[in-house]
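Open the model in your viewer and keep the selection panel at hand.

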Protein chains: 2
Amino acid sequence: MCVNCDYRDLLESAGLEPTTNRVRVLEIIGNNQFPLTAADIFTTVERSHSINRVTVYRILELLVDHKLVERLSAGGRAAHYGLAPNDNHAPHHHFFCTRCGRMDCLNPGSLDLSSDRLRKTFSGEIERIEIRVDGVCRNCLKSSVH
Amino acid sequence: MCVNCDYRDLLESAGLEPTTNRVRVLEIIGNNQFPLTAADIFTTVERSHSINRVTVYRILELLVDHKLVERLSAGGRAAHYGLAPNDNHAPHHHFFCTRCGRMDCLNPGSLDLSSDRLRKTFSGEIERIEIRVDGVCRNCLKSSVH
DNA sequence: TGTTGTATGCAAATTAGTTGCATGTCAATT
DNA sequence: AATTGACATGCAACTAATTTGCATACAACA
Ligand SMILES: [Zn+2]
Ligand SMILES: [Zn+2]
Ligand SMILES: [Zn+2]
Ligand SMILES: [Zn+2]
């Protein structure tokens, strides 16, 4: 739960109409402590208000395009969505459990990447750098001990 | 083209029968200078010898399981496959062009990640760390200049 | 009042990958 | 030689995740 983020504000300052569906989707992403799949988000919204699956996908794309939300590629097939770095949310990387398929946020600063050499020599344009740590989460480790 | 890798050998030393299909798939991955999708690999094999799509998927999974090949998650939906680090191939990370969807290999050493802090504090088990740089490749930059 | 733009819904299509089951091949076993 | 079992492959059908096309609704605007 993020008490500092006003999701309606975030939408508006990105130049987007803060429709109820958009606010709901963004709230769910922002209030969750780990990134969610489109399906997760859909079923969560659905629990309280009817919404179409396609609408969720369209909102997610919009939010990603406007950099309010980050699309994270998991080891599995479904993309995960998390709040993009902003004043209240420091940039950080993610862990993907290959056993249960859950993603977790890593502490900002727990990984240190230096990309100076690349930025000096690379001939294309760099937009973002995604780091994903794959492995087995604590829970899954625990439950595999008999 | 890698003159140093004997793909039949690689398969055998991983304890796998070097069947013609497996050798072909591994050769295509190894001789390519950037990672390919399953579909790419399928059509490449197909051009000279008949093979089933499913066989390609099964071989890819086998090769990944035996660590001869690495599965890389691209910004898009399809996984890309590249040769896993071995005596002739230094570990390196990848670039994904969001415009043309092509992946490229970055120079080994152009990115430097220190994960000590994470490894000290993380409560799960870390298997691998994947870094993907997203952006626009040189070719796409060039062709967008009018 | 008519027109345009934007948000959403619904059905169908597409993409990428997986599963179930049949067949062929080869080597070991009877 | 016939039998068995372990793979490797093929083919058809399936599933999951996402996308597309088209219809509707509503609000702002001319
Ligand atoms: Zn887990
Ligand atoms: Zn996160
Ligand atoms: Zn490109
Ligand atoms: Zn590579």
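Four donors count as tetrahedral if all angles lie between 85 and 135 degrees; four count as square planar and six as octahedral if opposite donors are over 155 degrees apart and all others between 65 and 115; anything else is irregular. Donors here are N, O and S atoms within 2.8 Å of the metal (3.2 Å for Na, K and Ca), and water is not among the atoms, so sites may look incomplete.

This is a predicted model, in which local features need pLDDT of at least 70 and side-chain atom pairs count only at pLDDT 80 or more, while totals for chains, interfaces and linings use all residues. Residues are numbered from 1 along each chain as its sequence is written, chains are lettered from A and ligands numbered from 1 in the order in which they are written, and side-chain values use heavy atoms, with hydrogens and water left out.

**Zinc, ligand 1**

Select the zinc ion (ligand 1) with A:C97, A:C100, A:C137 and A:C140, whose SG atoms coordinate the ion at 2.2 to 2.3 Å. The arrangement is tetrahedral because the 4 donor atoms subtend angles of 105 to 119°. Ideal angles at a metal are 109.5 degrees for four tetrahedral donors. Along the sequence the donor residues read C-x2-C-x36-C-x2-C. Colour by accessibility and A:C137 and A:C140 are both buried (buried means under 20% relative accessible area, exposed over 50%, partly exposed in between; 1.4 Å probe, protein chains only).

**Zinc, ligand 4**

Move to the zinc ion (ligand 4), which is coordinated by B:H92 (NE2), B:H94 (NE2) and B:C105 (SG) at 2.0 to 2.2 Å. The donor spacing is H-x1-H-x10-C. B:H94 sits in strand β4 (residues 94–97) of chain B and B:C105 in strand β5 (residues 103–105) of chain B, so the pair ties together parts that are 11 residues apart in sequence. Helices (H or I, at least four residues) and strands (E, at least two) are DSSP runs, numbered from the N terminus. B:H94 is buried at a relative accessible area of 5%, whereas B:C105 is partly exposed at 33%.

**DNA strand C**

Select DNA strand C and the 20 residues around it; A:T19, A:R22, A:N52, A:T55 and A:R58 come nearest (near: a heavy atom of the residue within 4 Å of the molecule or strand).

Which side chain has an N or O atom 2.5 Å from a phosphate oxygen of DNA strand C? That is A:T55. The side chain of A:R77 instead places an N or O atom 3.4 Å from a base nitrogen of DNA strand C.

**DNA strand D**

Next, show DNA strand D, surrounded by 20 residues, of which A:R53, B:T19, B:R22, B:T55 and B:R58 are the closest. A backbone N or O atom of A:A79 lies 3.0 Å from a phosphate oxygen of DNA strand D. At B:R58, a side-chain N or O atom is 2.8 Å from a base oxygen of DNA strand D. Elements giving two or more residues to this surface are α4 (53–65) of chain A, and α2 (20–31) and α4 (53–65) of chain B.

**B:T37**

Finish at B:T37, in strand β1 (residues 36–37) of chain B. B:T37 counts as buried because its relative accessibility is 12%. Leaving out residues up to four places away in sequence, B:T37 touches B:A78, B:A79, B:H80 and B:Y81 (contact means heavy atoms within 4.5 Å).

Notes
A polar contact is a pair of N or O atoms within 3.5 Å; within protein, one must be able to donate a hydrogen and the other to accept it, and residues adjacent in sequence count only if both atoms are side-chain atoms.
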